[in-house]
Amino acid sequence: MYGWLRTRFSKQTADILIVLWYALLMMLVLLYAMDPPAVFRYGNI
Amino acid sequence: MSVLSLAWPLWMLSAVTGQWLLPQQLARLWLIALAAAFLAIYSPASAAILVTFTFATYYLAQSRRHLGSRIVLVGFLIVAVLAWFKAKIAADMASGVLGIAIPLGLSYYALRCIHYLVERYKGRLAPHDFGDFVSYLFFLPTLIAGPIHRFNEFQRDQRRMRWDSEKFSEGLERVLYGYVKITFLANYVVSIRLAESIAALGPEQAALAAYLSMLKQGLNGYLQFSGYSDVAIGCGLLLGYRVIENFRWPLLQKNISEFWKAWHISLSSWCREYVYMLVVSFTRRPALAVLATMLAIGLWHEVSLRYILWGSYNGLGIVLWQQFQRVKRWVPEWPFRQTGWYRIAAHGLAVLVTFHFVMFGFVLVLQPTVAEAIAFYRAMLPGL
Amino acid sequence: MVSPILAALDQVERTTKSSKIFLAGARDLSYGTLFDRVARLTTLFRNMGLQRDDRAVVSSKDDSSLVTLYVALVRNGVTAVVLDPDAPLAELRKLVEAADAKALFLDADRATAADLQGVLRPDAVMMPIGDEVAKKPLFPGFGKSSNGSAAVFPAILAGLTPSTPSAEGISDSTIAYILFTSGTTSKPKGVEITHRNLHAQMQTFIRHYGLTAQSRLMNLLPLHHTDGLTHGAFVSLLAGMTLYRPWRFSVDVLPMVVDGIYKHRVTHFITVPSVLALIANLGDDYLDSFTTPDLKFVISTAAHLDENLWRSFEQRYRVRIVNVYGLTESVCESLYCGPDEATRKLGTIGKPIDSEARIVDESGVVLPVAKTGELCLRGDNIMKGYFRMPEETAMVLKDGWFHTGDLAWQDEDGFFHIVGRKKDVIITGGVNVYPEDVTGVLRSLPGVLDAVTFGLADETWGEKVVSCVLPAPDTILSVESLAQAFLERAARQKLPKEIYILDEFPRGPAGKVVTALVKKKVEELKAKARAVEEPSGNAEERIMRVAARSFKTAATALSMRSDAENTKGWNSLAHVEFLLGLEQEFGLRMSPQDIMNIRSLGDALNVVIQRST
């Protein structure tokens, strides 16, 4: 992701964008980690 | 114990701190101790088994005298232990008893030990000592759910170990993406939102609902499993180790053979090398070897009818595709086959067919019993 | 004039933190430990009666002990004679005799006084080199209690008080060390290097390579050669930096060496061209050891660096190679090609730094640009002479110029090009092997009437030592038994790579064996052998053809490194086709082990070769 951002934007812009992107993802994780996770059984392993 | 718990980040934090702040030798011991403690706490039985496997595998494979026989012996014992647990669980399930769970990580470290044994036999192991072997097995990131990382690559990473900020940030990113896949994409978008949309469909769209359910389950399985793998691989990177990948856009592959080189890669490549090659070298019959391999993959998951069926289904798929390749050679190279449009369409079709073949197969194992799977198929294809 | 080395060593001792690692080898040696040991050794030398200008033999497989002793000897003005720790007893005796040393520091398991009877001076003192500190038994009463207090280095140091080495009488013409350049049958020639020579070379290295206390050097070359001793150990010491020597070099540890460069963030890597050739064969996952910004450049020494290898290595690994030229007689190096632009020109040995070079003809007349002649050197780093060999010295040191015995020419930009050799020496893997040494050993073996040795080109090693042997009448010789007997008398690196047993040697009118004709005969034999293989093509090509067919890819896209990961069309079915195709092509049946072992085309080649022999 960062690599791609660097090809489209300057270093400063890319840095800011990647931080925003990570922040967004982390928020999503925290938000939806609260929901009861679906029990994931992929065989008995 | 799963990576979604609150405890996991704490364990990893301890591991990462120790790895980069302690002097190298101590750091190595620290990681081993953490992994051992982790197993001892969450699955003492597994800890005992792993310790036994570790000593048995290493020391019985040391001397070169009768190495072949000793390796077969140890390998057989490991498989026996694994098979016993799988069979016991299968029996419990069949009789409705809530019995023991499989010891945490057994399925994975059993295969790692066998990998080590076979490579030892071939004389292909990088130079190492007992401590290196212990480090390889007692590696926290891949303990719970793989990938089934390889010894030589791990050993090489040990030899090259140094702080690398790029690798570390790659690890952080990977872990984050893994968690997003599990909590947001799998648990929410697919399991909740898509489920809601499916439930909103009326009874006259039962077939469509069943079809979408199939996709939902399959996608959920893919996202969860690849998410877990991402977290494991990312944690490995945080500790400075790059382990084998497990998924490489499997649902976008253009045939079933490519799919199996892109799905649960650490397992399928293990089976390709140790089951497929073994059968081929004895029988010289690739079709038989393919079936044996896919059956092994199925049984590794669970000793049950549905996994036997699923393994055979995939095995047959591969064999048929291989035959199709032979037949395809006789099809003339008409000029329109070279055009861009044709190629795109052909590729698209191939991906769609493969995707659906895989999804249909997943029904067998994502439904609790074979009977329910059949019912599911019926729901999808009314008039059958 | 007082030796400048002493002041330099004192400065390093003063300014370097004692916990800093000097030698990171099988065991780490810190600066503190090194200098402490040097101080205690000073006392030991005094007790042993070892004085300034005496000679002391040092020979050990343990790098740490060897370097410590060497530094202590140099610091005390005692001439260190460093010998090959692997030389067999017969060779060792010869060298010990030539060295005429007052003290001998040898590995405890190497040779006893009895072994060296007859070649030792009556007043010689022997001190064995043993294990590190006395091993404390795990539980008191159990286990072997070590004899650490016996007269063994370094254990004996524990009981000595450190004393400051005196600088009295150590001038810049004191001989720092002697290294023998040839030495089994011909009289061993010991190169005498003075403190002034050594210091001059060190200064050049430090300045020209840009070495600082933060530098990290990896140099695995043997310490009984100047490229290991001065180009590695001593220069690292004087610069106050760290030297990495974790393994004895062998082809097996090569991947670990390259990984070590990555792990330790090595800044300078010194090696020989054959190692570079081997590294060039490693896969892409070893690239980052060299492309990393930490590594400033690679230094190639001791042998001719092939221009193609030079260019392709630099391109692939994105690192500059500095090609250097020198001899034991010039301490280490005199001409440098790089790292700076001014001295850099691929295919040459660069320009002299802190020394002068010129080309002369047979009679000593200086030749103009573009004319080939003998390369001569002059400078502060040129040896004093050959130990107790005034005639041989006079043959090479004339009018202050040292005649190298190498043929070269200078171009109009001032760069020197080596074209050949006047002297009779084979350089294999960066090691000098003298044909007369090898011939001498062979002639001394039972059943051998005569022998002749020469060098042939070799892709990996640059040159290889090849010998032809004439058996005594009615004697049957085998190459294996010859090799075995050879190794009892001479070091492994002198053993010929190929030995041919001939019925007769072509001789000239005077009855003398004409080496050039023997060489030609051997080349003909090899050509005939190759021709027999030719009709079906060599194994590699055949394998690639089968592979190309099975994987439906062009043979040009394949190499011995091709495997399922990096080859398009290599799936499990095609793999089986490939295996069956191999069996058909080579008319063999592979065992299950063979099949499981084949992961790449290179593996297939190994199996095919194994199965056909």
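This talk walks through the chains of one predicted model, their contacts, their sheets and a few packed helices.

First, the ground rules. Residues are numbered from 1 along each chain as its sequence is written, and chains are lettered from A and ligands numbered from 1 in the order in which they are written. Because this is a predicted model, local features need pLDDT of at least 70 and side-chain atom pairs count only at pLDDT 80 or more, while totals for chains, interfaces and linings use all residues.

Let's start with the chains. Chain A has 45 residues, and 7% of them are buried. Buried means 20 or more other C-beta atoms within 10 Å of the residue's own; exposed means 12 or fewer, and partly exposed is in between, with C-beta atoms placed from the backbone. Chain A holds two helices and zero strands. Helices here are DSSP runs of H or I with at least four residues, strands are E runs with at least two, and both are numbered from the N terminus.

Which chains touch? Two pairs do, and chains A and B have the most contacts. A contact means that the C-beta atoms of two residues, placed from the backbone, lie within 7 Å. Chains A and C share no contact; their closest C-alpha atoms are 19 Å apart.

Now chain C against chain B. Here 13 residues of chain C meet 16 residues of chain B. On the chain C side, the elements giving two or more residues are helix H7 (254–263), helix H16 (572–586) and helix H17 (592–597). That side of chain C has seven nonpolar, three polar and three charged residues. For these classes, Ala, Val, Leu, Ile, Met, Phe, Trp, Tyr, Cys and Pro count as nonpolar, Asp, Glu, Lys and Arg as charged, and the others, Gly among them, as polar.

On to the sheets of chain C. One is an open sheet of nine strands, in the order E2-E1-E10-E9-E11-E12-E13-E14-E15, with mixed pairing. Two strands pair if DSSP finds at least two bridges between them. Strand E2 (28–30) and strand E15 (351–352) of chain C are the edges; each has a single partner strand, so one side of each has no neighbour in the sheet. Inside the order, E12 (residues 297–300) and E13 (residues 321–325) of chain C run parallel, joined by three bridges. Ser300(C) has Asn323(C) as its bridge partner in E13(C).

Ser300(C) also leads us to Leu276(C). Where is Leu276(C)? In helix H8 (residues 273–280) of chain C. Leu276(C) is buried, because 20 other C-beta atoms lie within 10 Å. Beyond its neighbours within four places in sequence, Leu276(C) contacts Thr271(C), Ser300(C), Leu309(C) and Phe313(C).

Another open sheet of chain C has seven strands, ordered E6-E5-E3-E4-E7-E8-E18, and its pairing is mixed too. Strand E6 (125–129) and strand E18 (385–386) of chain C stand at its edges with a single partner strand each, so each has one side without a neighbour in the sheet. E18(C) pairs with strand E8 (residues 190–194) of chain C in the antiparallel sense, over two bridges. Val191(C) has Tyr386(C) as its bridge partner in E18(C).

Last topic: helix packing. Two packed helices are described by the angle between their axes and the distance between the axes. Axes are lines fitted to C-alpha atoms, for helices over the stretch in contact, and angles run from 0 to 180 degrees between N-to-C directions.

In chain B, take helix H3 (residues 44–60) and helix H6 (residues 130–137): their axes come within 11 Å and cross at roughly 140°. H3(B) and H6(B) are therefore oblique. Under 35 degrees counts as roughly parallel, over 145 as roughly antiparallel, 65 to 115 as roughly perpendicular, and the rest as oblique. H3(B) brings Leu50(B), Thr54(B) and Tyr58(B) to the contact; H6(B) brings Phe130(B), Phe133(B), Val134(B) and Leu137(B). Six of these residues are nonpolar, one is polar and none is charged.

In chain C, helix H15 (residues 539–551) and helix H18 (residues 601–612) pack at about 125°, axes 10 Å apart. That makes H15(C) oblique to H18(C). Their contact has nine nonpolar, no polar and one charged residues.
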